[in-house]
Amino acid sequence: MRVNVTVNGRPRQADDVWEGESLLYLLRERLGLPGSKNACEQGECGSCTVRLDGVPVCACLVAAGQAHGRDVVTVEGLAARAGAAEGHLSPVQQAFVDAGAVQCGFCTPGLLVAADDLLERDPDPSDADIREALSGNLCRCTGYEKILDAVRLAAARTARSGQGA
Amino acid sequence: MDFLRPARWEEALAAKAEHPAAVPIAGGTDVMVEINFDHRRPSHLLDLTRVTELYTWQDAGDRVRLGAAVPYARVIERLAGELPGLALAARTVGSPQIRNRGSVGGNLGAASPAGDSHPALLAAGAEVEAESVRGTRLIPVEEFYTGVKRNALAPDELIRAVHVRKATGPQQFSKVGTRNAMVIAVCAFALALHPDTRTVRTGIGSAAPTPVRARTAEDFLNAALAEARCWDTGAPVPPAVAAEFARLASAACRPIDDVRGSAAYRRHAVGVMARRTLAWAWEQHTTGEGTARCA
């Protein structure tokens, strides 16, 4: 079947999509967007988290056909969405780099999308809010402390730049 | 495999009548796992995400008619007042990503004994609105679960909504798992006080082939609370009554040993949760205060 979907602001089309295929497979294997990671394929790990019509979801649990006519944002689209210049990172991405929140990097795209959604909804989240928002994203390297640091850092920087503006 | 995309409910019913083996899919949190792992290769997937009315709910007097595909996130945000037990259960489902997609209708369709909604629906009192091209019927939720991952739907029926009785008193939900997120219940227990009828109802999850009410425990407790005039006086539930209630709740289980826990552990834990949820709900009832505790 044919699937038309807007990904990171661009209309995309894929043909010969298998009906049982996931949105994750569509993104990675047909649309050349390997940022969303494929790990558990059962919604446990959050590595494939994307925004579907603005809502964070596990792309492995969305049938590709369900994304037809919908709007998807992946990790590849975060910088442009945040208004970052070409070749630059979004504030959340930069904070992950600066806080050392990336080790092997496999869980990072999903965490970035989830953290980006949290800070959009709540620019000044409590630690409990951050833990809750990231509770569906597993990391097996860092022990989460630096990831929490990164989200706090991104929130603090956004608050500062907001005051400066 | 065919992917059916009805835009309207009537089209969905017609498609299900034409292809009774079609698997309905909304949030995909169960169905896609089965497909990803090659456990299921349905001839047709029936995508319900374009049928907008499934994502709405209506006030129906003493009930809420909850559209089958309303995500858990909406239940938590919008319905915690009318359906506090279901909202508590919804909070324990998966993760934010899963709660954004999964729904009570999906829980009912899958009919896993471990589904988090079921104990809360049993305790509150609910009916499943099943519809086909032949018509609509309301199935009491107690009769809906017919076996492990089996339900009372006919092959041509779809779940349109679930009618849940609005709370008239405190409701509690407790679930045992290894962490606070991404947990399939080892076992779960829901309890609802119904001061209007001076009754207590319960629901047990993941400790029998289907979700069940602990009816003997309910009957005992209802009689004991009446005899001790607790509803009149607001006196605490006598400890001996609470202990016997817990024992009977435990006895209502028919658990198995599996990777998540042993049968003996489940029986024990259900008794503990029965006693605790009763104490929390009764305290809320008699003090009029909400309690926020880790279950």
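**Helices, sheets and the chain contact**

Student: In this predicted model, which residues of helix H3 (residues 91–99) of chain A are buried?
Tutor: A residue counts as buried if 20 or more other C-beta atoms lie within 10 Å of its own. In H3(A), the residues that are buried are A:Pro91, A:Val92, A:Gln93, A:Ala95 and A:Phe96.

Student: What is the strand order of the open sheet in chain A, and which are the edge strands?
Tutor: Five strands of chain A form this open sheet in the order S2-S1-S5-S3-S4, with mixed pairing. Neighbouring strands are turned by 40° against each other on average, direction ignored. An edge strand pairs on one side only, and here the edge strands are strand S2 (10–14) and strand S4 (55–58) of chain A.

Student: Within that sheet, what is the bridge partner of A:Thr6 in S5(A)?
Tutor: Strand S1 (residues 3–7) and strand S5 (residues 71–73) of chain A run parallel and are joined by two bridges. In S5(A), the partner of A:Thr6 is A:Asp71.

Student: Helix H4 (residues 108–121) of chain A lies across which strands, and at what angle to S3(A)?
Tutor: H4(A) lies across strand S3 (49–52) and S4 of chain A. Its angle to S3(A) is about 45°.

Student: Which element of chain B gives the most to the side that touches chain A?
Tutor: The contact takes 24 residues from chain B and 23 residues from chain A. On the side of chain B, strand S1 (2–4), helix H2 (31–36), strand S3 (44–47) and helix H5 (96–99) give two or more residues. By class, that side has 12 nonpolar, eight polar and four charged residues. The element that gives the most, with four residues, is H2(B).

Student: What is the average twist in the open sheet S4-S5-S10-S6-S7 of chain B?
Tutor: This sheet has five strands with antiparallel pairing. Its edge strands are strand S4 (57–60) and strand S7 (135–140) of chain B. From one strand to the next, the twist averages 20°.

Student: In S10(B), which residue is the bridge partner of B:Leu66?
Tutor: Five bridges join strand S5 (residues 63–67) of chain B to strand S10 (residues 158–165) of chain B, and the two run antiparallel. In S10(B), the partner of B:Leu66 is B:Val162.

Student: What angles do helix H1 (residues 9–18) and helix H7 (residues 117–124) of chain B make with strands of the sheet?
Tutor: H1(B) packs on the sheet, touching strand S6 (126–132) and S10 of chain B. H7(B) also packs on the sheet, touching S6 and S10 of chain B. The direction of H1(B) makes about 75° with that of S6(B), and the direction of H7(B) makes with that of S10(B) an angle of about 50°.

Student: Why is helix H9 (residues 215–227) of chain B described as roughly antiparallel to helix H11 (residues 239–251) of chain B?
Tutor: The axes of H9(B) and H11(B) come within 8 Å. They cross at roughly 165°. Angles over 145 degrees count as roughly antiparallel, so H9(B) is to H11(B) roughly antiparallel.

Student: What is the handedness of that crossing of H9(B) and H11(B)?
Tutor: Among the residues that meet are B:Phe220 and B:Leu221 in H9(B) and B:Phe245 and B:Leu248 in H11(B). By class, the contact has eight nonpolar, one polar and one charged residues. The crossing of H9(B) and H11(B) is right-handed.

Notes. Residues numbered from 1 in each chain as written. Chains lettered and ligands numbered in written order. Predicted model: local features only at pLDDT ≥ 70, side-chain atom pairs only at ≥ 80, totals over all residues. Buried ≥ 20, exposed ≤ 12 C-beta atoms within 10 Å, placed from the backbone. Contact = placed C-beta atoms within 7 Å. Nonpolar A, V, L, I, M, F, W, Y, C, P; charged D, E, K, R; others polar. Axes fitted to C-alpha atoms, helices over the stretch in contact; angles between N-to-C directions. Parallel < 35°, antiparallel > 145°, perpendicular 65-115°, else oblique. Left-handed = near helix turned anticlockwise from the far one by under 90°. Pairing = 2+ DSSP bridges.
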